[in-house]
Amino acid sequence: DRIGIQTLKKAGFDVTAMGGMFARMQSTFRSSGGARAPQYLQTHPISVTRIAEAKARAAKLIEQPVVQHDLPFLLMRERVRVIKSNDPSLLKQYYVDAIRARGEANAPLNYGFALCSARAGDIQRATELAALLPDVPELKLTRALLTAEIQVNAKNQGAWRKQFDQLMRVYPKHRVVGASYAQALIDLGTKRDAAIALEILRDLVTAFDADPALFEGLGRAYQLSGDAVRAGEAYARATALRGALEDALSQLNTIAQGPSLSYYERARIDAQVAELTPIVLEIKRRDGTANQRNFDAGLSAIR
């Protein structure tokens, strides 16, 4: 909780919301008799003390000076807002209202709205908004990536390829540049382009081996290039990195049952199964122990 509320503060969120959220969770599950409480609340129960501590921490943090974020951070925060949104119309309205309230010279809002418009296919508006971003050195990469993404959404093959080729020459090992280029190659390119995406993503997953999105992209690239086994392995790794270890193990076991696996493919998959199996068994054992404790506690309460 202490680390979480500090993170909220650094990211510019309302730190008082943590105590309020805890109080709502406590009220919700108390009214239901504690039934069906998520596992998180079984290991991190909401108590009066926890709520009070969250409110006390928030009060102390409010007294501290407000963190002044730099411009690249503010733009990336808008990027996260766009990427994580699953309601395009609501997101569009948010930007229309926010720009009306805060002014058309707000660079983060213009960036977010440009990205939102590009993904919605409104290329003209996206281009106009992108042109409003300040031409300053710290936004050089951000502006170039936005231009490339607009051209990708416009399906302007020559333009996005040229833009990404230039970016890759300047930032050859950059995580976002490489992943974005690979995504465009996979979505809009040919089978030959999938091979280029594979080369980019192999390098990236070596350097950033805890990023599930990179492994998902790698799986798609393998799929398009015709290597179903490698694709399945990449998807399983992405699943494991997202925390669904049992599902990842199931995926690997399904691949292992394939009749046409080569000796090397089978050995590679068996090694991954051997790595995951004891971890999944331990998780099941712990869950079983926790469920037994909950059952015993409930039985004692009834008696």
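The model is predicted, so local features need pLDDT of at least 70 and side-chain atom pairs count only at pLDDT 80 or more, while totals for chains, interfaces and linings use all residues. Residues are numbered from 1 along each chain as its sequence is written, and side-chain values use heavy atoms, with hydrogens and water left out.

**The largest pocket**
- The largest pocket comes in at about 1000 Å³. A pocket here is an open set of points on a 1 Å grid over the protein atoms alone, where a 1.4 Å probe fits, with protein on both sides within 12 Å along at least five of seven lines. Its volume is the space filled by probe spheres set on the points, which are joined across faces, edges and corners.
- Its lining runs to 30 residues, and Arg79, Ile83, Arg119, Ala179 and Ser180 lie nearest the centre; a lining residue has an atom within 4 Å of a point.
- Helix 11 gives the most, with 10 residues. Helix 5 (71–84), helix 9 (140–153), helix 11 (175–188) and helix 13 (212–225) each put in at least two. Helices are DSSP runs (H or I, at least four residues), numbered from the N terminus.
- By type, the lining splits into 15 nonpolar, 4 polar and 11 charged residues. Nonpolar covers Ala, Val, Leu, Ile, Met, Phe, Trp, Tyr, Cys and Pro, charged covers Asp, Glu, Lys and Arg, and the others, Gly among them, are polar.

**Nonpolar cores**
- In the largest nonpolar core, which has 29 residues, Trp160, Phe164, Leu167, Tyr181, Leu201 and Leu218 touch the most other members. Helix 10 (157–170) and helix 12 (191–207) are among the helices that each supply at least two residues of this core.
- Apart from it lies another core of 21 residues, including Phe113 and Ile150. A core is a set of buried Ala, Val, Leu, Ile, Met, Phe, Trp, Tyr and Cys residues joined through side-chain atoms within 4.5 Å, and buried means under 20% relative accessible area (1.4 Å probe, protein chains only).
- Leaving aside neighbours within four places in sequence, Trp160 is in contact (heavy atoms within 4.5 Å) with residues including Tyr181, Ala184 and Leu188.

**Gln272**
- Gln272 sits in helix 16 (residues 263–302) and is buried, at 14% relative accessible area.
- Not counting residues up to four places away in sequence, Gln272 touches Glu233 and Leu252.

How values were computed:
Buried < 20%, exposed > 50% of the residue type's maximum accessible area, 1.4 Å probe, protein only.
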